Amino acid sequence: MATHARPGPLPIPSPAARPADEPDPALVQDRQAGGGELIDQFAEARARLGGVAALRLGPRPTVLVTAPEAVQHVLALRPDLYVKRSHRARLLIGDGVLAATGEAWQRQRRLLQAQFTGRGMLRYEQRISEAARTTAARWTAYARDGQALDVGEEMRLFALDTIWRSLTGHPVDPDTARELAAVQTVVAALPSLPADGVAAQGAVAAELARIDALSSRAIAAARSAGAGPHGPGLLHVLLEAAETSPEYTDRLIRDELVTLLVAGHETTATTLTWLHLLLDRHPHARERTLAAGPQGSPERRRAVQALVHETLRLYPSAWILPRHATGDDVLAGGYAIEAGTDVIVCPYLTHRDPGTWEDPGRFDPDRFLTPGRRPTRPGSYAPFGLGPRACLGLQFALRESTVLLEHLLPAHVPHFHSVPAKASFGLTVRPAGPTPATLCDSP
């Protein structure tokens with residue numbers, strides 16, 4: 001077939017090459033903020049070579065994919081050809097569903113997927129609402145006392161409480177929250193850990209031991225005490241699976257538990273922190289959201305969801321999605337991909353492409369409310385990935401973010417004492433520093 005014709009090889013830029021044209025405004029901001037050498041190299045390759053670009057990264061050929069059609073092809077149309085080789089968080093999440101491959105991944109995905117879609121989500125509605133009310137009450141106390149808080153830490157505590165309730169059926173207590181800080185420590189350390197697996201394991205051995213001990217206690221408690229006040233949680237689902245599926249050993253249950261902790265709180269907390277920072281710079285977006293309709297109305301909810309989606313456009317949960325081509329292929333536009341090529345999909349750059357998004361550097365939630373304002377090409381918007389390996393918790397994350405904001409936005413406006421000077425590109429794109437603030441009453 002004509003689509004299998006093999007054009008010439010992709011041009012490989014010199015590592016020191018600069019793009020011939022100016023990068024888009026959103027990228028200028030992130031470069032000035034010190035976003036990191038890797039994202040700088042990706043941005044330069046995209047600006048110079050377009051949406052499919054060869055890079056000098058490591059010993060194997062590497063291709064950066066940001067064009068929507070190519071993103072859709074790699075992630076959604078040919079996931080059998082473009083596979084995950086490993087996961088950089090494997091020393092933390094082990095064989096959890098994020099790192100699993102092949103039949104093991106299919107089995108683990110099938111079990112968990114039912115928990116995060118349709119009727120399965122109903123089990124967690126009450127838990128999400130209670131975690132949001134707990135956070136709102138804490139913020140009311142901070143505002144009353146004039147007490148300073150760190151918005152990022154508050155968002156992390158909310159997301160941690162939500163996922164812990166969903167896993168165990170119980171709210172997170174202060175001692176557990178302190179122990180679970182080890183998860184955040186390992187996640188933050190991942191980009192700078194040694195390449196050697198043994199050395200990397202040793203560098204965070206103490207934190208991993210704390211995580212293992214806490215996981216063992218949680219599993220034992222779920223076995224002995226049963227369901228929480230709102231019924232069984234995800235941990236109980238895993239324990240039930242172990243009764244009929246011997247592959248669900250305590251080690252695999254631990255790995256799934258930690259995977260759900262990482263995926264269930266780190267990404268949501270980061271998104272909510274960015275959202276508050278963006279609203280600080282764009283107060284009119286808050287005002288328009290609250291004016292969209294009365295509290296609890298569908299109009300207000302859609303406006304809140306638009307805030308979340310626009311934040312995820314600028315700072316997607318899955319900012320980078322590495323894949324490995326197991327066979328030869330041709331992407332849209334005639335770009336040949338040879339077997340053995342590492343392919344890096346970068347939604348962060350796709351979402352900031354001026355050829356795909358109108359005025360991509362501007363925070364504009366209205367693009368997710370007004371028909372015709374956002375691109376319709378598949379692959380244009382992929383904050384949680386696409387295709388069969390897209391994030392399981394997409395609906396869960398959107399729901400908990402929306403519920404919390406419905407509680408906080410009408411009552412409180414964080415006044416930031418300082419804001420981070422740059423973004424940190426690790427497992428997620430997160431603000432590189434604390435976010436201290438005091439709370440003012442919402443106008």
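The legends below describe close-up views of a predicted model.

**Figure 1. Strands S1 and S2 form a hairpin.** Strand S1 covers residues 52–55 and strand S2 covers residues 62–65. The two strands pair in the antiparallel sense over four bridges. Six residues lie between the strands, and glycine 58 in the turn has a positive phi of about 75°.

**Figure 2. Strand S1 is covered on both faces.** In a regular strand the side chains alternate between the two faces of the sheet. Val52 and Ala54 lie on one side of S1, with Ala53 and Leu55 on the other, and all of these residues are buried.

**Figure 3. Glutamate 125 and arginine 399 form a salt bridge.** The closest N and O atoms of the pair are 3.0 Å apart. Glutamate 125 counts as partly exposed, at 24% relative accessibility. A search of the whole structure finds 28 salt bridges.

**Figure 4. Arginine 210 and glutamate 179 meet in a salt bridge.** The N to O distance between their side chains is 3.6 Å. The pair links distant parts of the chain, 31 residues apart: arginine 210 is in helix H10 (residues 205–225) and glutamate 179 is in helix H8 (residues 174–189). Arginine 210 is partly exposed, with a relative accessible area of 32%. Glutamate 179 is also partly exposed, at 27%.

**Figure 5. Aspartate 364 and arginine 373 form a salt bridge within a network.** The closest N and O atoms of aspartate 364 and arginine 373 are 2.5 Å apart. Aspartate 364 is buried, with a relative accessible area of 7%. Salt bridges that share partners join aspartate 364 and arginine 373 with Arg288, Glu358, Asp359, Arg362 and Asp366 into one network.

**Figure 6. Cysteine 346 is too far from the closest cysteine sulfur for a bond.** A disulfide is a covalent bond between the sulfur atoms of two cysteines. The cut-off applied here is a sulfur pair within 2.5 Å. The closest cysteine sulfur to that of cysteine 346 belongs to cysteine 391 and is 17 Å away, which means that the two are too far apart for a bond. The count for the structure comes to zero disulfides. Cysteine 346 is buried, at 0% relative accessibility, whereas cysteine 440 is partly exposed, at 38%.

Terms used
Residues are numbered from 1 along each chain as its sequence is written. This is a predicted model: local features need pLDDT of at least 70, side-chain atom pairs count only at pLDDT 80 or more; totals for chains, interfaces and linings use all residues. Side-chain values use heavy atoms; hydrogens and water are left out. Buried means under 20% relative accessible area, exposed over 50%, partly exposed in between (1.4 Å probe, protein chains only). A salt bridge is a side-chain nitrogen of Lys or Arg within 4 Å of a carboxyl oxygen of Asp or Glu. Two strands pair if DSSP finds at least two bridges between them.
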